[in-house]
Every structure is written in C-alpha cells, then in structure tokens.
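Have the structure open while you read.

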Amino acid sequence: MKIAIVCYPTFGGSGVVATELGLELAKKGHEIHFITYKQPVRLSLLNPSIHFHEVNVPNYPLFHYQPYELALSSKLVDMAKLHQIDVLHVHYAIPHAYAGYMAKKMLEEDGIFIPMITTLHGTDITLVGNHPFYKTAVTFSINQSDFVTSVSHSLKEDTYRLFDIKKDIHVIPNFIEIDENKHSDTSQVCQRSVLANSNERIITHISNFRKVKRIPDVIQTFYRIQKEIPSKLMMVGEGPEKIHAEKLCDELGISDKVIFFGNSNDIEQILKYSDLFLLPSETESFGLAALEAMAFKVPVISSNSGGIPEVNKEGVSGYLSNVGDIDEMSKNAIKILKDDAVLHQFKESAFQVAKKYDISTIMPLYEDLYNQAIQLT
Ligand code: GMT
C-alpha cells in the first residue's frame with residue numbers, strides 16, 4: 001500500500017507515534033510518504049520505502065497568519081497524484097483533518113478518491129480542539145474522515161462528550177517497540193555514573209514542559225522523595241514551564257540534584273538507568289512517555305486522569321493518585337524506591353504491562369483499518 005502520513009514533526013507524542021508507525025509499515029513493505037513542514041525528529045530516510053515531502057509556506061507580509069493548511073492541502077493533492085497514494089492518514093485533528101478533507105475534495109474533482117483516516121491524539125480534542133474558535137471546523141473535519149481512531153478509550157469518550165461526532169471511533173492504543181535487551185544494553189556512551197552516584201536512585205520526567213504536565217508537582221514530589229532516599233532527578237524536554245522549574249529547584253535548594261537535559265533524541269540512554277518515572281499531568285489522553293519508561297522497566301508514579309489508567313496499572317506498574325496529590329505520589333514513590341526487592345518487582349511488572357503495547361500487536365490494527373479504507377475506493 002502507498003500511505004501518506006501527515007503529522008507534526010516535533011518531539012512529543014503524536015509526531016513520535018506517527019513516525020514510528022510509518023517506519024514499521026515501511027519494514028512490512030508499504031511505501032510511506034511523510035508530508036509535513038520539517039523532517040520528523042525520529043525519521044531516518046535510509047529506507048527506500050520512506051519518503052519525506054516538505055510543506056513550504058512562503059512568508060508573505062500581507063498575511064498576519066501564514067496559510068499552512070492551504071500549502072498542506074496543495075502538497076497532499078500533488079503528492080497523492082504523483083505517487084498514486086492509496087490511503088491518507090492524518091495524525092492530530094488540527095489542522096490536519098481539515099487540510100486532508102480539502103485535499104480529498106480537490107482530488108475528487110479529478111475523479112480520484114482517497115480514503116482518509118484521522119487519528120486523535122489528545123490535546124487536539126481536550127485542550128485546543130474544544131476551543132469555541134475551532135470547534136465547528138474540528139467537528140466537521142472529524143465527521144468527514146472515512147475512519148477515526150483515538151489512542152485511548154478515555155479520549156474516545158472525551159471526543160463524544162465534547163463534540164457532536166457521528167462517526168464510530170476505533171480505539172487503537174499507542175505502541176512501543178519491545179526489546180527484551182535494550183534496558184540492559186550498556187554499550188552506549190552515557191554511563192550511569194554520569195547521571196548519579198551508585199547509592200542514588202534515578203528519577204526521570206520527560207515532557208514538553210507545558211502547564212498540563214504540572215511540572216511543579218514533579219519537582220515537589222522529588223523534593224519529598226530526596227529527603228528520604230538519596231536520589232537525582234532527570235528532567236528531559238523543553239517548554240514554557242522549564243524556567244519556572246529551574247527557579248523552583250533553586251528555591252527548594254535541590255538544584256544540585258536535578259539535571260535539565262533539554263530535548264533529546266537519546267531518551268533511551270536515560271531511561272535504561274532510571275528507577276522511577278513521574279507523570280503527574282492534569283490530563284493525558286494516553287501518556288506515551290510513561291509507556292516508553294515502562295518498556296525500559298521503569299515503574300511510573302502518575303496522576304489518574306484521562307487515559308493514564310489504561311497504561312499505568314495501580315500496584316503493578318506503579319501507582320496512580322488524584323491530580324495534585326503530591327503527598328500520596330511521594331509516599332508511593334518512596335514505597336517503591338526504598339527496598340531493592342520491591343523496586344525489582346515493580347520494574348519487572350512494568351515491563352510485563354508494557355509488552356501488551358508492543359508494536360507487533362498494535363500495528364495490525366492500523367493495517368486492518370487501511371484495508372477497510374481501500375475497500376471504499
Ligand atoms: O503530551 C503532549 O502535550 C503532546 C501531545 C501531542 O499531541 O503530541 O501528546 C498527546 O498525544 C500523545 C500521543 O498519542 C499522548 O500519549 C499524550 O498523552 C497526549 N497528550 C495529552 O493528552 C496532554
């Protein structure tokens with residue numbers, strides 16, 4: 001099949017899922033065309049079945065806002081014709097489903113029908129899409145998709161609750177490539193001793209440092225943990241809350257115990273040495289970062305909001321608390337970290353839970369949908 005994938009090329013959930021999906025589909029022999037404004041961060045073009053088509057938006061001073069949707073839909077039409085695309089798969093509704101719909105309509109003028117699958121990722125529904133300024137167009141473009149998927153049951157329910165959606169929403173959870181050995185592969189450059197002393201536990205948080213991630217809760221939880229257990233906190237990612245987080249660490253006198261890494265393509269190097277992952281978010285449709293941690297045998301202390309309980313299992317892969325309950329989060333973290341045997345048990349169980357989301361289990365669900373989609377042509 002020839003599949004066009006539209007996504008955000010940046011660090012973070014939806015772009016990573018779209019990129020990993022495309023790479024895996026290419027391995028299975030499909031021809032994949034990524035169409036976006038920059039080469040996705042995890043995309044390597046060393047596979048002849050993978051193509052990247054850049055959407056250029058010329059900067060014209062008349063436009064207060066440069067018309068990305070227009071450039072994207074034109075590019076979609078051109079690439080669909082040039083490469084005889086069979087299926088269009090857009091990740092993140094805004095504005096991709098809208099641009100995809102316009103492309104479909106333009107292609108129909110030339111007698112070409114291409115089915116469109118829209119995958120909802122979270123903030124396109126819960127934070128951004130639900131805004132009154134966008135809601136009408138987001139509802140319309142979701143309803144015009146031939147198939148709609150969401151990454152969790154929680155997001156599916158949110159979508160039906162917040163929008164007037166007439167389509168069935170298929171839940172296809174996010175996935176991870178499970179490798180039995182990668183958490184113990186210490187052949188790479190980063191050594192544990194660079195991150196922490198041998199008697200210290202390593203605690204990690206990875207995100208885009210936006211308000212929804214409740215970064216102060218990460219710091220306050222760590223503050224309580226490190227009083228009881230020698231430990232270091234790894235903060236990976238970039239975003240508007242980072243500067244406040246650095247200030248808070250300074251105020252609490254723990255700056256020497258917290259390392260801020262910025263965005264990284266090498267999260268594996270940190271996760272493989274981590275003992276605990278913190279995800280106290282206000283909401284998460286899924287919490288891909290938690291799953292990535294669990295795949296490295298890292299238990300998770302998280303909030304219980306959105307789709308997180310579908311991924312992090314209470315008392316098995318970690319613990320879940322109400323949003324903002326940093327007292328309970330730190331007590332649970334200490335419970336896991338203070339005893340080697342307990343930590344070992346949680347690490348193994350986290351890995352077992354992560355295995356359910358192995359890419360080899362989830363990928364066929366997308367392939368099945370693509371097959372259903374091409375039956376429509
Ligand atoms: O976490 C973010 O804010 C980034 C956002 C995105 O659009 O990439 O992540 C969303 O999609 C991920 C992949 O499906 C999910 O794992 C995240 O939980 C979701 N984020 C939120 O719902 C806040």
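1. The UniProt record, in an unreviewed entry, places the feature "domain: Glycosyl transferase family" at residues 194-351. UniProt positions are in the numbering used here, feature names are shortened, and annotations may be inferred rather than shown by experiment. Over residues 194-351 the chain is 43% helix and 18% strand, with 25 Å between the end C-alpha atoms. Helices (H or I, at least four residues) and strands (E, at least two) are DSSP runs, numbered from the N terminus.

2. Two housekeeping remarks. Keep in mind that this is a predicted model: local features need pLDDT of at least 70, side-chain atom pairs count only at pLDDT 80 or more, and totals for chains, interfaces and linings use all residues. Residues are numbered from 1 along each chain as its sequence is written.

3. Have a look at strand 5 (residues 116-120). It is largely enclosed by the rest of the structure, because 5 of its 5 residues are buried. A residue is buried if 20 or more other C-beta atoms lie within 10 Å of its own, exposed if 12 or fewer, and partly exposed in between, with C-beta atoms placed from the backbone. In a regular strand the side chains alternate between the two faces of the sheet. Here Met116, Thr118 and Leu120 point one way, Ile117 and Thr119 point the other way, and all are buried.

4. Who are the partners of strand 5? Strand 4 (residues 87-91) runs parallel to strand 5 and is joined to it by 4 bridges; two strands pair if DSSP finds at least two bridges between them. Histidine 89 stands opposite isoleucine 117 in this pairing. From strand 4 the chain crosses through helix 3 (residues 93-109) to strand 5, a right-handed β-α-β crossover. Right-handed means that, with the strands pointing away from the viewer, the path from the first strand over the helix to the second runs clockwise. Strand 6 (residues 147-150) also runs parallel to strand 5, again with 4 bridges, and there leucine 120 has serine 150 as its bridge partner.

5. Some backbone spots deserve a check. Tyrosine 92, in the loop between strand 4 and helix 3, has phi near 80°, a positive value in a residue other than glycine. It is also buried, with 25 other C-beta atoms within 10 Å. Isoleucine 94 and proline 95 are joined by a cis peptide bond, with omega about -15°, and proline 95 lies in helix 3. Arginine 214 has a positive phi as well, near 50°. That arginine 214 sits in the loop between strand 8 (201-206) and helix 8 (215-228) and counts as buried, with 24 C-beta neighbours inside 10 Å.

6. Helix 11 (residues 288-295) has 8 of its 8 residues buried, so it is largely enclosed by the rest of the structure. Among them are Leu288, Glu292 and Met294. Just after helix 11, lysine 297 takes a positive phi of about 60°.

7. Last, isoleucine 308 in helix 12 (residues 308-311). Isoleucine 308 is buried, with 24 other C-beta atoms within 10 Å. Its C-alpha atom and that of glutamate 284, 24 residues apart along the chain, are separated by 6.3 Å. Leaving aside neighbours within four places in sequence, isoleucine 308 has contacts that include Glu284, Ala290 and Leu320.

Terms used:
Two residues are in contact if their C-beta atoms, placed from the backbone, lie within 7 Å.
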